[in-house]
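Colleague: I would like a close look at a single part of this model. Please take it slowly, and connect that part to what lies around it.

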Amino acid sequence: MDAKTPSPRYSTEDRIGVLEELLNERYSVRAFLPREVPREIIEHVLNVAQRTASWCNSQPWQVLIASGEAKERFRKSIYAEAASGAGDDHDFAPPREYVGVYLQRRRESGFQLYNTLGIARGDKAAYAKQALENYNFFGAPHVAIIHTNEPLGIYGAIDCGGYVSNFMLAAQALGLGTIPQAALARHSGLIRRHFNLPDDRRVVCGISFGYADHDHKVNSYRTSRATVADAVTFLDE
Ligand SMILES: Cc1cc2nc3c(=O)[nH]c(=O)nc-3n(C[C@H](O)[C@H](O)[C@H](O)COP(=O)(O)O)c2cc1C
């Protein structure tokens, strides 16, 4: 261990154990209690996430957090645009198509959600109604908008993705629930106008957060993951 690396406070077993526990526990929360999160807890999450790595240490993430009346004004505005059937207005192009195993996984997680809510397969009106809940932030008392600097391109968005993961894990460790939301980025223009973001900012996604409503059925299922063997190729020779 060199002079710059302090001796760890916890054993290796504890360190990896806590990380695994947080990763295994975390799930996308789609029903929240109305109770607000104290500002010092939000700031703790933000301080932890601020250590995220980024290309050239550019740290392109800027984060807007709307709570209280500010959240309510934003909710009304983005919900109205989403419900109006306005077309996509993404800053970053969304997936062009889900094919093969990606389509399978998308379907599987979608059916888990709909089955849990008692929505019948193929009931497009009910799918659309549930999708609109994104714009009520699933009842969360806080919503964060993560945006990056346009000239950094896709790598600025990747850095923001790392930030989002660290935000979610820190929030999990502090007893909060989160959901990352690309759905909000479908209305990037509205977000830029609503919050007076400079022209060179690009919306990556949102994160709604607060205290999870553990008794709500939408929070009762967990998604699966492919195995390491499905994801990783070792090359030794
Ligand atoms: C970048 C990103 C964007 C997402 N956008 C949405 C979204 O707009 N709405 C939503 O309900 N879930 C969204 N999710 C949640 C995913 O559906 C969820 O992470 C995935 O199904 C795995 O489930 P889990 O988070 O419960 O483990 C998003 C996740 C990520 C990482």
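Which residue has a polar backbone atom 2.8 Å from a nitrogen atom of the ligand?

Modeller: The residue is Ala182: one of its polar backbone atoms lies 2.8 Å from a nitrogen atom of the ligand. Keep in mind that the model is predicted. The protein covers 66% of the 610 Å² of accessible area that the ligand has on its own.

Two further distances belong with this one. A polar backbone atom of Pro180 is 3.2 Å from a nitrogen atom of the ligand. The surroundings hold 13 residues, and Ala182 and Asn134 are among the closest, together with Ser28, Ala183 and Arg225. By type, six residues of this shell are nonpolar, four are polar and three are charged.

Pro180 stands opposite Ile207 in strand 4. The two strands concerned are strand 3, residues 177-181, and strand 4, and they pair in the antiparallel sense over five bridges. Strand 4 also pairs with strand 2, residues 142-149; these two run antiparallel and are joined by eight bridges. Within that pairing, Ile145 stands opposite Gly206, and His142 has Phe209 as its bridge partner.

Put together, four strands make an open sheet with antiparallel pairing, and their order is 1-2-4-3. Strand 1 (62-67) and strand 3 are the edges: each has a single partner strand, so one side of each has no neighbour in the sheet. From one strand to the next, the twist averages 25 degrees. As for strand 4, it spans residues 201-210 and is mostly covered, with nine of its 10 residues buried.

Now to the loops. Phe32 sits in the loop between helix 1 (12-25) and helix 2 (39-49). Is Phe32 buried or exposed? Its relative accessibility is 8%, and because buried means under 20%, Phe32 counts as buried. Phe32 and Ala140 are 108 residues apart in sequence, yet their C-alpha atoms are 5.1 Å apart in space.

Asp236 belongs to the segment after helix 8 (228-231). Its relative accessibility is 72%, so Asp236 counts as exposed. Asp236 and Leu103 are 133 residues apart in sequence, and from C-alpha to C-alpha they are 32 Å apart in space.

Most residues other than glycine have a negative phi. Asn57 has a phi near 55 degrees, which is positive, and is not a glycine. Asn57 lies in the loop between helix 2 and strand 1. Asn196 is not a glycine either, and its phi is positive at about 55 degrees. Asn196 is placed in the loop between helix 7 (188-194) and strand 4. With 68% relative accessibility, Asn196 counts as exposed.

To return to the request, the part to keep in view is Ala182, with its polar backbone atom 2.8 Å from a nitrogen atom of the ligand. Pro180 also has a polar backbone atom 3.2 Å from a ligand nitrogen, and Pro180 stands opposite Ile207 in strand 4.

How values were computed. Residues numbered from 1 in each chain as written. Predicted model: local features only at pLDDT ≥ 70, side-chain atom pairs only at ≥ 80, totals over all residues. Heavy atoms only, no water. Near = heavy atom within 4 Å. Polar contact = N/O pair within 3.5 Å; in protein donor to acceptor, adjacent residues only side chain to side chain. Areas by Shrake-Rupley, 256 points an atom, 1.4 Å probe, with all protein chains shown as cover. Nonpolar A, V, L, I, M, F, W, Y, C, P; charged D, E, K, R; others polar. Buried < 20%, exposed > 50% of the residue type's maximum accessible area, 1.4 Å probe, protein only. Pairing = 2+ DSSP bridges. Axes fitted to C-alpha atoms, helices over the stretch in contact; angles between N-to-C directions.
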